[in-house]
Amino acid sequence: MVSFRGDDKRTGLYRNLQFLRSIINTHQKRKASSSSVILDASVLIQSLKQTLEELNQAVSASLDLIDNDPLPMVVVEEGGEGFVIKVSSQRRCEGLLVFVLEAMEELGLDVLQARVSCVHSFCLEAVIGTQKDDEETGRMNAQLVQRAVSQAIQSWKELEN
């Protein structure tokens, strides 16, 4: 029985060595010794570690670019009796919605309909109406609304830092 277990160990080692040979893809014509297969595997592992480190550095650099992402984009279009406002950013902008809504309130604008998403990125699309009883807001144009929303975003950005 003792010799049988020894044969099992040898067979297991042989299978593992064959598997290692297949992984490292040795192109040697003669059968490589177990030490050369292990040495080749070690070189391959070091090469993979270096490649992984380079990829991690590249991902880290791209995340830095995302963190330094410019201010969210603002588009304001005139439509019907008010405006359509679109604010978007590639990243979450925690607290930005409050600043944008306060800017609209200061202009005397009413949010008639809005769609907001701020889970992985920030996206606001809102239909804004002007209050009928105020003549100044009746003469408001899209540029004025865009400036006010952009200023609100700038204020939010300053508080964020």
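## Close-up views of a predicted model

**View 1. Helix 3 meets helix 5.** L96, F99, V100 and A103 of helix 3 are in contact (heavy atoms within 4.5 Å) with A148, V149, A152, I153, S155, W156 and L159 of helix 5. Of the residues in this contact, 10 are nonpolar, one is polar and none is charged (nonpolar: Ala, Val, Leu, Ile, Met, Phe, Trp, Tyr, Cys and Pro; charged: Asp, Glu, Lys and Arg; polar: the others, Gly among them). This is a predicted model, where local features need pLDDT of at least 70 and side-chain atom pairs count only at pLDDT 80 or more, while totals for chains, interfaces and linings use all residues. Residues are numbered from 1 along each chain as its sequence is written, and side-chain values use heavy atoms, with hydrogens and water left out.

View 2. Four strands line up in the order 1-2-4-3 with antiparallel pairing (strands pair if DSSP finds at least two bridges between them; helices, H or I of at least four residues, and strands, E of at least two, are DSSP runs numbered from the N terminus). Strand 1 (73-79) and strand 3 (109-117) are at the edges with a single partner strand each, so one side of each has no neighbour in the sheet.

**View 3. Strand 1 beside strand 2.** Look here for seven bridges joining strand 1 to strand 2 (residues 82-89) in the antiparallel sense. G79 stands opposite G82 in strand 2.

**View 4. Helices on the sheet.** Helix 3 packs on the sheet and touches strand 2, strand 3 and strand 4 (122-130). Helix 5 also packs on the sheet, touching strand 1, strand 2 and strand 3.

Key:
Axes fitted to C-alpha atoms, helices over the stretch in contact; angles between N-to-C directions.
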